[in-house]
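Let's take a friendly walk through this model, beginning with the ligand and then turning to the aromatic rings.

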Amino acid sequence: MKRKILASGSVFSLIILGSAVLNSCSKANETALQQSGGITCDTVNMKYQADVLPILTAECYSCHSSQTYLSSGSNLNLEDFGILKSEADNGDLLNAIKHTGNVTPMPLNLPQLSDCEINTITDWINNGSKNN
Ligand code: HEC
């Protein structure tokens, strides 16, 4: 009798332990998926206003808005859509955020954008960098 209770007790704690491990595992997968853009990062059919502009505002306007581009020394007003588009179309914008090519890596002296942000901007450019 006593043995049985003990046995079922340990089966029970195994289940608890097991589900705790599984749980932490799926949490880790979730984070990995988010970082790789799997769950929360949709990067298809990205639009300027809804998708790209919030990234530029948060990550670039401190040095590249019409208010800041002169004082920051960037001399590049990315708030001006025509200027942004020419940087997008000549490849400098992507090279800057991907840290490739012969341009200064951006954001300057700050951590690289997330894969999600880079993929968002890349998709927008691949679709013709429209003012949409
Ligand atoms: C802390 C200030 C700062 C931030 C934030 C910043 N930049 Fe810059 N950016 C600069 C400066 C300064 C230059 C000029 C660098 C040079 O001439 O080497 C520059 C140059 C550039 C250039 C031209 C690169 C070249 O070498 O021709 C591009 C494109 C660019 N930035 C895009 C971005 C984008 C996109 C972001 C946001 C993801 C960003 N920058 C964030 C300061 C910044």
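## Around the ligand

Helix 5 gives the largest share of the shell around the ligand, 4 residues. Helices here are DSSP runs of H or I with at least four residues, numbered from the N terminus. Helix 5 (92-98) and helix 3 (61-64) each supply at least two residues of that shell. In total, 22 residues surround the ligand, and the closest are Cys-60, Cys-63, His-64, Thr-104 and Met-106; a residue counts if one of its heavy atoms lies within 4 Å.

The shell divides into 13 nonpolar, 6 polar and 3 charged residues (nonpolar: Ala, Val, Leu, Ile, Met, Phe, Trp, Tyr, Cys and Pro; charged: Asp, Glu, Lys and Arg; polar: the others, Gly among them). A side-chain N or O atom of His-64 is 2.8 Å from a nitrogen atom of the ligand. For Thr-104, a polar side-chain atom lies 2.6 Å from a ligand oxygen atom.

## The aromatic cluster

Tyr-48, Phe-81 and Trp-124 form one aromatic cluster. Rings of Phe, Tyr and Trp (its six-membered ring) pair if their centres lie within 6.5 Å, with planes under 30 degrees apart counted as stacked, over 60 as edge-to-face and the rest as tilted. Phe-81 and Trp-124 are both buried, meaning under 20% relative accessible area with a 1.4 Å probe, protein chains only.

## About the model

This is a predicted model: local features need pLDDT of at least 70, side-chain atom pairs count only at pLDDT 80 or more, and totals for chains, interfaces and linings use all residues. Residues are numbered from 1 along each chain as its sequence is written, and side-chain values use heavy atoms, leaving out hydrogens and water.

Key:
Buried < 20%, exposed > 50% of the residue type's maximum accessible area, 1.4 Å probe, protein only. Polar contact = N/O pair within 3.5 Å; in protein donor to acceptor, adjacent residues only side chain to side chain.
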